[in-house]
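Please keep the structure in view while you read.

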Amino acid sequence: MTAEPIGRAPWALDLTRQRLANFTLEDILDLPDDAPRVELRDGVMILVPSPTIGHQTIGNLLWLWFRQHAPEQFLAATAVGVAISARDSFEPDVVLLRQPIVNSHHYFLPDQVEIAVEIVSPGTKRRDRMEKPPGYEAAGIRHFWRIEQDPLHVFAYDLVGGRYELVGDSDTELVLSAPFEIRLPIRDITP
């Protein structure tokens, strides 16, 4: 008597394709529901670590703040991707998208992204501080925010002449004039 397999085998990364660095955004879109969250970097799948409660709380509070304060032409979202190219994608922690938005889409083009926000955690600090900003910059995303934890501090950058320039940073209140008049009390996004 032999055992019959029950259900489908769990998703596994194709290590040959990973070594060849030939994954594309289309491959990501075809992943089964049980696959982990991934980003693409030069055709290599990079697993996105699960965020901590503190990380999620900051992201959710910022999403809520955007929902309450951003003009109607913007829509805040979490857990969606930015298609940088066919071989590169990012999943910012929070994005502020320009309307109109197709609600069934998971990935958005860089010109739809007004602000990309990364919340730095121990497992993501290198990518969030060193790798993602140049990627967002090269894609032409107008505004990038980096949020450091412990203590909470927000750094805001604007794209000026193809490069990010620091336009504001605060651990008390972030005040910016673009993409709209922003007065974000840091306590409003503090867990």
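Helix H3, which runs through residues 53-69, has 17 residues and reaches 24 Å from its first C-alpha to its last, close to the 24 Å expected at 1.5 Å a residue. The model described here is a predicted one.

- Which residues of H3 are buried? They are His55, Ile58, Gly59, Leu62, Trp65 and Phe66.
- Seen down the axis of H3, these buried residues fall within an arc of 125 degrees, so they line one face of the helix.
- On the other side of H3, Ile53 and Gln68 are exposed, where exposed stands for over 50% relative accessible area and buried for under 20%.

**The nonpolar cores**

- In soluble globular proteins, nonpolar side chains tend to be buried together.
- The largest nonpolar core has 24 residues, and of these Leu62, Phe66, Trp145 and Ile147 touch the most other members.
- At least two residues of this core come from each of H3, E3, E6, E8, E9, E10 (153-160), E12 (173-176) and E13.
- H3 gives the most to this core, with 4 residues.
- Leaving aside residues up to four places away in sequence, Ile147 touches Ile58 and Leu62, and also Val117, Glu118, Ile119, Val120, Leu152, His153, Val154 and Ile189.

**The chain as a whole**

- The protein chain contains 4 helices and 13 strands, and buried residues make up 45% of its 191 residues.
- Among the contacts in the protein chain with a separation of 6 or more, 50% are between residues 24 or more positions apart.
- For 191 residues, a compact globule would have a radius of gyration near 16 Å, and the 18 Å of the protein chain agrees with this.
- Taken along the principal axes, the C-alpha atoms of the protein chain fill a box of roughly 70 × 35 × 30 Å.
- The accessible surface of the protein chain comes to about 10600 Å², and 54% of this surface belongs to carbon and sulfur atoms.

Note on methods
Residues are numbered from 1 along each chain as its sequence is written. This is a predicted model: local features need pLDDT of at least 70, side-chain atom pairs count only at pLDDT 80 or more; totals for chains, interfaces and linings use all residues. Side-chain values use heavy atoms; hydrogens and water are left out. The expected span of a helix is 1.5 Å times one less than its number of residues. Buried means under 20% relative accessible area, exposed over 50%, partly exposed in between (1.4 Å probe, protein chains only). The arc is that of the directions from the helix axis to the C-beta atoms. The radius of gyration is taken over C-alpha atoms; the globule rule is 2.2 Å times the number of residues to the power 0.38. Contact means heavy atoms within 4.5 Å. Accessible areas come from the Shrake-Rupley method with a 1.4 Å probe; for residues, only the protein chains shown count as cover. A nonpolar core is a set of buried Ala, Val, Leu, Ile, Met, Phe, Trp, Tyr and Cys residues joined through side-chain atoms within 4.5 Å.
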